[in-house]
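Good morning, and thank you for making time for this presentation. I would ask you to keep the sequence and the model in view while I speak.

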Amino acid sequence: MSTAISKSALSGVVVLDVSRVLAGPFAAQMLGDHGAEVIKLESFDGDDTRAYGPPFLDGDAPYYIGLNRNKQDLAVDLSTPAGREILFRLLERVDVLVENFKLSTWRKWGIDDPAAFARRFPRLIHCRVSGFGEHGQLGGLPGYDAAVQALSGLMSINGDPALDPVRIGIPLVDTSTGMNAVIGVLLALYEREKSGRGQSIEVTLFDTALGMLHPHTANALNGGGSARTGNGHPNIVPYDLYPTRTEKLFVAIGNDRQFGRLCEVLGKPELATDVRYRTNRDRVVNRETLRRELTDLLAGFDGKQLFHQLMALGVPCAPMLSVEQALELGHTTQRGMSASIGKYRVAGIPIKLDRTPGELRLAPPRIGEHSRDVMQRFGFSDDDIQAAIQGGIVKQA
């Protein structure tokens, strides 16, 4: 096994990813993208997302492929004492543990609570991902993205106001929880540089969902209320999807100056000085009449041409594209957001550091692809490794 890591920001940091599905693996992948050595520890059956298809590539779903690059894979049967001994031996030397086991599972394995990790492994940064946390009315209950979208109110503000609320079309709570996990790990790594001590981090889907509900939570907590406004914005107008002669265009006006420029381009500058629309506060109150005015004006324009014209004037807007169309944009390629690792096509690295950039190094692994190499890396003898494989404790692909 090659342990050569590029000079990325997290070079030298070793992460053990003992999580499955989305938030935990996504967090570990982000750390791996920026140079951490990430070891994915799986059961012999593998991560659930390997089966989240079709489509499939060599037996694995793109759902798994998109969450597990830049990792090596060690397959261990943690239901056995010998398997758990391998886990704890790895924890003696890694910097970060990312996991999402039930607390009852850890207790069955001799870890009574997250604080026990700090006592047993004083420098370990233990990042725990769960649906609701261990405390509170819903503590310990399972959480999945869509269910948390519903419970947190996130779903209630999404969709056409005349219809039922709609699940946001990506696992936004899961991915955002993964990002919060990365932030927590980086904060703990920074603090460890000063104290020399690790600590436990808890991130939950529920907390993340409520934390991302701005401005609806801020409105509801301060005398207003949450509102489902479809493509429109509860606090900013015009901020909505409009039809043009050729396609739909999202107009995202952020201030009165931008609104004035929009009105000039549309050939009706007097709208910007109309008493009903002079300020954003006025436009929010009179959103329906303004929408009718803008809809009539935009109907005569070519959407793509208007997009380029308005953006050149500093007026934010965009044509509504499909995922496939967005991936085909020249800007997507120029920004490195469509990339390849071996035979796999993947989304690129969105965080771009100029001096210590991230890197796509390792393709998503097969179950147990690196078991022997990882165990050698952590000081297991050849005899111990062979005995573990023959004894059904470890699987080598």
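Let me begin with a term: a residue is called buried under 20% relative accessible area, exposed over 50%, and partly exposed in between, with a 1.4 Å probe and protein chains only. By that rule Phe117 counts as buried because its relative accessibility is 1%. Please note that this is a predicted model, in which local features need pLDDT of at least 70 and side-chain atom pairs count only at pLDDT 80 or more, while totals for chains, interfaces and linings use all residues. Residues are numbered from 1 along each chain as its sequence is written, and side-chain values use heavy atoms, with hydrogens and water left out.

I turn to the aromatic residues. Rings of Phe, Tyr and Trp (for Trp, the six-membered ring) pair if their centres lie within 6.5 Å; planes under 30 degrees apart count as stacked, over 60 as edge-to-face, and the rest as tilted. The structure holds seven such aromatic pairs. One of them joins Phe101 and Trp109 edge-to-face, at 5.0 Å centre to centre and with 80° between the planes. Phe101 is partly exposed because its relative accessible area is 23%, whereas Trp109, at 11% relative accessibility, counts as buried. Another edge-to-face pair is that of Trp106 and Phe117, with 5.1 Å between centres and 85° between planes. Trp106 belongs to helix α4 (residues 103–108) and Phe117 to helix α5 (residues 115–120), eleven residues apart. Helices here are DSSP runs of H or I with at least four residues, strands are runs of E with at least two, and both are numbered from the N terminus. Trp106 counts as buried, at 2% relative accessibility. Ring pairs link Phe101, Trp106, Trp109 and Phe117 into a cluster.

Next, the nonpolar cores. A nonpolar core is a set of buried Ala, Val, Leu, Ile, Met, Phe, Trp, Tyr and Cys residues joined through side-chain atoms within 4.5 Å. The largest has 30 residues, and Leu16, Leu74, Leu87 and Leu91 have the most contacts inside it. Among the elements that give two or more residues to this core are β1 (14–18), β2 (37–42) and α5; α3 gives the most, with five residues. What does Leu87 contact, leaving aside its neighbours within four places in sequence? Its partners are Leu16, Val18, Leu41, Leu78 and Trp106, where contact means heavy atoms within 4.5 Å.

In α1 (residues 23–33), eleven of eleven residues are buried, including Gln29 and Asp33. Just after this helix, Gly35 takes a positive phi of about 105°. Arg69, in the loop between α2 (62–65) and β3 (71–76), counts as buried because its relative accessibility is 4%. The side chains of Arg69 and Asp33 are joined by a polar contact of 2.8 Å. A polar contact is a pair of N or O atoms within 3.5 Å; within protein, one must be able to donate a hydrogen and the other to accept it, and residues adjacent in sequence count only if both atoms are side-chain atoms. Beyond its neighbours within four places in sequence, Arg69 also contacts other residues, among them Gln29, Ile341 and Leu360.

Finally, a hairpin. Strands β7 (residues 239–243) and β8 (residues 248–252) form it with four residues between them.

Conventions
Two strands pair if DSSP finds at least two bridges between them.
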